[in-house]
Amino acid sequence: MTEASDARSEEPDGPSLFRRRMAVIMAADVAGYSRLLATGEEDALKLFHQCRSVFDAEVARYGGRIFNTAGDSVMSEFASAVEAVRAAIAIQHALQAVNQPWPEDRRVRFRIGVTIGDVIERDGDLLGDGVNIAARLESVARPGGVCVSRIVHNAVTGKVSASFRSIGPQTLKNIPAPVEAFTVAFSGEADQRQASTPDARRPGGGKRSDGQDRRARRRRRWLRILLIILAFSVVVPTVRHAKRLLETQLGLKLPAPPPEQTVKTPAQRAIGALPGSEPPDAPAGARDLYQKGRALEASGDLAGARTAYVEAARAGAGFMDPLLRLAALVRLQDGSSVARDLFADLNTVSPDPAIRMVYAQQLGQAEQTTRLRRLLDENPSFAPAWYALAQALGDTRAGRETLTRLRAEHAALDQFLTANKSGALKRFFIDPAALQEWVERARRRVAEIDAAFASRQTRPSLTFQAGSSHWTVNIALPEDATAVQYRLGDRGGFSRAELNLSGDGKTTRAATFAIPSRAGKTNIYVSYVDTAGLTAGPFVYRFDSTELNSERQRSILMTTSGSWLTWATDRDEIYFPYLLTYRCAIRSAHVGFDGADPDIALPLSTEGCDDNAPPPPGAQNSLPAPHDARSVSVKLVLQNGETPPPVTISREP
C-alpha cells in the first residue's frame, strides 16, 4: 500500500485555505499484493478487480464515498462510525465468498482500518490525521480482518452485531501518541478464543465446583457494586438515577433525596448537575474545558470530550467552539436526529444565542433560515449567526439555487465579514483558527457569488412596444419563475402579469402587461416568485412615454434616411411628412439647397409626442424651393443630442 502522506506537510502556513471537518475514515489494502502479482499476475489482477467491484458496492450500500485509490489501496469516508464498521464487516464477509474458489495462497485478502478524526478536504480528496491513523490501523489488521481505534469502538459498541478484541495501545508510524486499537472478532476467531479460555483448558470438561461458582458470583457482585458506585459519582448525572440503579440491580432500598435536591429535566442535567451548582468561571473556565475536550477527543475519549464541551457551554461565556464540536461529535456518533434532540433540550433551558444558533443548524433548511433570522432580529449583535444564515441560504439540498437566495446569502456574508473587520467576532471564539476558517470560507463564497453575478443576467429586462392606445411591456426574466407581478407608480398594490409558460406548464421566463398610452412619466415595479418560492424584487424601472417614443422614432429615422425629404414633381417644393411623423425624436431640422449650409428651419411641431399621437391636423409638411435648385441637404439634431450626417437628395430632371 502507498503510505498516506503526513497532513502536516500539506497545510500551508497562515490561515487555512481548505475545509476542515470531522470524518469517519476507512482505509484498506491487499495483504501481500506484490507477492500475488509476482506469482501470477493475470489471475491476481482478475481476482483483484472482482474483489474491488464487491468492495465498492458495499461502500456505496452503507452510504460511504471512495475519495482516493492508489494501486491496491482504497480510502473511503462515511458519515457514521456505525455504517463504516458495518460496511467493513460486510466487505470481509462478501470477499470470503469471492475468494472461496481460489487456493489459499492465491486469495486476495484486504486489511481494513477505521477511525474518526480531523481531516482537511481539498478538491474532493481528504488529508490529515484521520486519514493517516486509519492507514496505520489497516496495517495492524490481519489479512481479511478489521482494526478500529478506541474512538470508533466507543461509538459503535452495542450498535453493530459484532464483538471486539482489544489489542492495546499501538505505536503507529508517524503518529506521535499511541492509539488504542480493537479488532473485530469474526466467528472463527471467537471459536479459537473460546477454546483457549481457562474453563476450556480445565481438566474434566471445564466444569467449576460449587465453591468456585459461589466465589465467582461474589466477585461479579462486588464488581457490579463498584461499577454502580462509579456511575453514581462520575457518570450518572442525578441522585435519582443512581438510586434507581442501586435499587434495581442490588435490591437495596435508599431513602428519598432531601427536598433541596430537586431532579432536573434531561436538558437541565446537560447544563448543570444540580440546582445551585455554580458554573465554571467564564470565560477562563470555558477555555480550559474546551482545551480539555480537544485533548480528550484526540485521545479517543469521545464521551469525556462531549462532557467537557457541555461544561464549557454551561460556563455561559457564549463561545461557539465547544457547541460546534459537541454537535459534530454527536452527529458523527449518534446521527443527526440525536444531535437535534440534544440541542432542542439545551435550547429550552438556556437563552444563550450560541445554543440557539447551533440548535437551528440541526434543523431543515426552511426552519433553520426562519429561526436564524428571528435570532438576528432579537440579538443583532450576535454576528456569528450571519455566517450560519448564509450557510442555510446556500444549502441547495432543499431546492434549486436561485438569484434571490444568492443575494440573501451574499448580504449575510457581507454582514459577517463587516463584523469580523471591526473585531466584533473575536469574543465568540476560543480558537482563533476556527474563526479564521469561517472568515476564509466567507470570503471565498462572496467571490464565487460575485463571479456568478458578473457572468449572467441578474434582474428582469423590460422592452416596450407602442400601440394605438397603450404600450405593451415585455418582461424577460433571468431565471424560471412561477408568478410575475407589476405596479405602476410608487403606491398601490401589485397586479399579476400575463405569463408565457414554458413547456412544463408551471414556470416561465417571460411575461407581459399593458400601460395606457397617456401614462406619461412614472415608475414601474416588477417582482417575481422563483422556483424556491422566494420573491425577487421589486425591481424599479423608469417609464417616460415621451423618451420611449423618441427613442423608437430615432431608431427608425437612423435606418431610413433616404425618406426624410422628397421633391414635388409638379412644383418647386420639398415635402417632409416623414420627418413630421417621427418629429418626436427630432430637436431641430434644417435644409440647404445646392450645397449651401443647411440653415433653413423646418417647422416640426412636437404636439402629441407624450401619448404617441399622429401629427396634428393641418400641420405644415412642405417648404418652397428655388426654381433652379437641383438638390437639397437636410441636417437633423435629435432629442438625445445626436447629430446624424447630413443627407443630400437630388431633384430628378
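This note goes through a few local features of the structure.

1. The model is predicted, so local features need pLDDT of at least 70 and side-chain atom pairs count only at pLDDT 80 or more, while totals for chains, interfaces and linings use all residues. Residues are numbered from 1 along each chain as its sequence is written, and side-chain values use heavy atoms, with hydrogens and water left out.

2. Arginine 107 lies in the loop between helix H3 (81-99) and strand S4 (110-122), where helices (H or I, at least four residues) and strands (E, at least two) are DSSP runs numbered from the N terminus. Arginine 107 is buried, with a relative accessible area of 17%; buried means under 20%, exposed over 50% and partly exposed in between, with a 1.4 Å probe and protein chains only.

3. By the ring rule (Phe, Tyr and Trp, the last by its six-membered ring, with centres within 6.5 Å; planes under 30 degrees apart are stacked, over 60 edge-to-face, the rest tilted), the count comes to 15 aromatic pairs. One of them is the tilted pair of phenylalanine 55 and phenylalanine 110, at 5.2 Å centre to centre and 40° between the planes. Because phenylalanine 55 lies in helix H2 (residues 41-61) and phenylalanine 110 in strand S4, this pair ties together parts that are 55 residues apart in sequence. Phenylalanine 55 is buried at 0% relative accessibility, and phenylalanine 110 is buried with a relative accessible area of 0%.

4. The rings of phenylalanine 382 and phenylalanine 428 have centres 5.1 Å apart and planes at 85°, so this pair is edge-to-face. Both phenylalanine 382 and phenylalanine 428 are buried.
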